[in-house]
Amino acid sequence: MKIKNSQKLIIEQLSDNLEVLEAYAKDLWQFFPLPICHVNPFQVILDANLALEEFLGYKVFELTGEKVDILFVDKRQVQKIYQDIFKKKEILYQEGEVITKTGERKTVSIAARGREDKKGNIIGYYLAFSDISEFKKLQTELEEKVEERTEELQKRIEELEKFRKAAVGRELKMVELKQEMRRLEKKQE
Amino acid sequence: MAKISKEEIEEIKQVEGEVMGVSLKEDLQFIQEKEGEEGLKKVEDEMGKLGYPLKFEEIKNFQWYPWYLNLLFLVVAKNIFQWDDETFRESGRFSAKVSIIAKIMVKYFISIRRCFEEAGNFWRKYYTVGELKTEEFNKKERFAVLVLSGVVGHPVFCRILDGYIWQVVAYVAPKEKLKVQEIECVFRGSKIHKFKVTW
């Protein structure tokens with residue numbers, strides 16, 4: 001009876017420790033402000049964090065079990081990411097476009113890192129997204145402004161060129177007339 | 001409201017074995033998701049009235065609970081919300097999506113064969129009774145047969161298991177043609193529960 005009670009106590013303590021560990025792991029996973037999901041070699045989402053929920057509008061359980069390509073505008077990019085992970089084990093700053101539950105498109109910078117088993121086989125990967133939509137919007141606006149200014153500048157240059165040609169033309173004409181005047185003066189003498 | 005006869009309650013109480021707290025939490029979480037906080041409260045209140053108080057927040061994930069408790073609140077939910085078989089399958093699929101045990105186990109499923117090889121291990125993480133094993137696995141013909149022996153359970157549980165198995169296999173197999181069918185059942189005269197999975 002004594003042994004049984006102590007075993008029961010050990011089991012209860014282990015059970016409590018597991019609870020604490022599970023809560024810790026869950027809190028850490030949910031804490032990450034970066035939208036992250038865990039994908040298996042079959043391109044199926046196994047888990048996602050709260051940040052991804054907020055970013056894409058899906059609940060975690062709506063994404064779990066779905067193919068990861070539902071998140072991407074260009075479905076081929078998923079295959080490319082997986083191939084890159086096999087070659088390089090990780091990816092940083094790959095640009096892409098994702099699509100939210102409501103159909104909104106967002107430009108993202110993608111980071112991914114492979115998960116390996118003890119033999120070094122890739123058994124899945126973590127996928128993280130950084131929203132660069134605003135940055136890309138600003139970049140596009142800046143490029144448009146630069147293009148506009150360049151066009152304006154080009155027009156001004158063309159106008160100046162015209163003026164220069166006209167001015168130079170007039171100067172040459174005046175030189176010609178002066179030469180003609182001297183010639184005529186000499187003739188008079 | 002739920003009208004469970006005393007006879008049915010007694011029958012459910014005969015179910016032996018214990019289940020990990022996570023299982024109760026997964027099922028209650030489904031009720032919360034499907035029927036809202038009010039729905040969850042209705043089930044909790046009804047369980048209290050029946051003499052088996054149960055609070056979602058107080059359940060510990062890694063503690064063992066009598067399996068009949070899990071089955072009882074599922075039957076209560078069935079009666080309150082008039083759930084059909086498909087809803088219980090949905091509950092099974094939901095559990096396999098949110099389960100901490102499933103999240104840990106499926107991380108290592110790198111093939112469909114491995115998935116079926118781990119069936120027994122999976123079962124033992126949840127229950128102290130019964131045994132689940134893969135009786136047959138045919139990759140070429142794309143089917144497998146799972147046998148659950150040593151347990152009775154409840155018909156609602158059979159549907160939940162349908163859904164759970166479907167979702168776990170869906171992590172590693174294309175789901176467009178994935179089907180799970182219980183081809184033998186203790187409640188239809190057999191001594192075992194047998195599930196055929198095709199993909």
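The lining of the second largest pocket divides into four nonpolar, two polar and seven charged residues; in these classes Ala, Val, Leu, Ile, Met, Phe, Trp, Tyr, Cys and Pro count as nonpolar, Asp, Glu, Lys and Arg as charged, and the others, Gly among them, as polar. Before going on, please note that this is a predicted model, in which local features need pLDDT of at least 70 and side-chain atom pairs count only at pLDDT 80 or more, while totals for chains, interfaces and linings use all residues. Residues are numbered from 1 along each chain as its sequence is written, chains are lettered from A and ligands numbered from 1 in the order in which they are written, and side-chain values use heavy atoms, with hydrogens and water left out.

**Pockets and a cavity**

On a 1 Å grid over the protein atoms alone, a cavity is a set of points where a 1.4 Å probe fits but cannot get out, and a pocket is an open set with protein on both sides within 12 Å along at least five of seven lines; lining residues have an atom within 4 Å of a point. Grid points are joined across faces, edges and corners, and a volume is the space filled by probe spheres set on the points. Helices (H or I, at least four residues) and strands (E, at least two) are DSSP runs, numbered from the N terminus.

| Space | Volume | Element giving the most lining residues |
|---|---|---|
| Largest pocket | about 1,200 Å³ | helix 1 of chain A, 10 residues |
| Second largest pocket | about 220 Å³ | helix 4 of chain B, four residues |
| Largest cavity | about 330 Å³ | helix 8 of chain B, seven residues |

The largest pocket has a volume of about 1,200 Å³, and of the 38 residues that line this pocket, A:E22, A:K26, A:Q30, B:V98 and B:K103 are the closest to its centre. Both chains take part: at least two lining residues each come from helix 1 (2-31), strand 2 (45-48), helix 2 (50-56) and helix 3 (60-63) of chain A, and from helix 2 (21-50), helix 4 (85-98) and helix 5 of chain B. By class, the lining of the largest pocket holds 19 nonpolar, six polar and 13 charged residues.

Is B:K103 buried or exposed? B:K103 counts as buried because its relative accessible area is 18%, and buried means under 20%, exposed over 50% and partly exposed in between (1.4 Å probe, protein chains only). Leaving aside residues up to four places away in sequence, B:K103 touches A:L46, A:D47, B:K97 and B:V98, where contact means heavy atoms within 4.5 Å.

The second largest pocket holds about 220 Å³ of space. Of its 13 lining residues, the closest to the centre are A:F61, B:F30, B:E90, B:F94 and B:K97. Helix 2, helix 4 and helix 8 (155-170) of chain B are the elements that give two or more residues to this lining.

The count of cavities of 30 Å³ or more comes to one. Of the 22 residues lining the largest cavity, B:F122, B:L132, B:L161, B:Y164 and B:I165 are the closest to its centre. Helix 2, helix 6 (112-117), helix 7 (119-126) and helix 8 of chain B each supply at least two lining residues. The cavity lining divides into 17 nonpolar, three polar and two charged residues.

**Strands and helices of chain B**

Strand 3 (residues 131-138) and strand 4 (residues 143-149) of chain B pair in the antiparallel sense over seven bridges; two strands pair if DSSP finds at least two bridges between them. These strands form a hairpin with four residues between them, and B:R142 in the turn has a positive phi of about 60 degrees.

In helix 1 of chain B, B:E8, B:I9, B:I12 and B:K13 meet B:Y68, B:L71, B:L72 and B:V75 in helix 3 of chain B. The residues of this contact are six nonpolar, no polar and two charged.

**Two residues of chain A**

A:I45 sits in strand 2 of chain A and counts as buried, at 0% relative accessibility. Its contacts beyond four places in sequence include A:C37, A:L63, A:V68 and, from chain B, B:Y171.

A:K89 is found in the loop between helix 4 (76-88) and strand 3 (90-99) of chain A, and is partly exposed at 37%. A:K89 and A:G114 are 25 residues apart in sequence and 5.3 Å apart in space, C-alpha to C-alpha.
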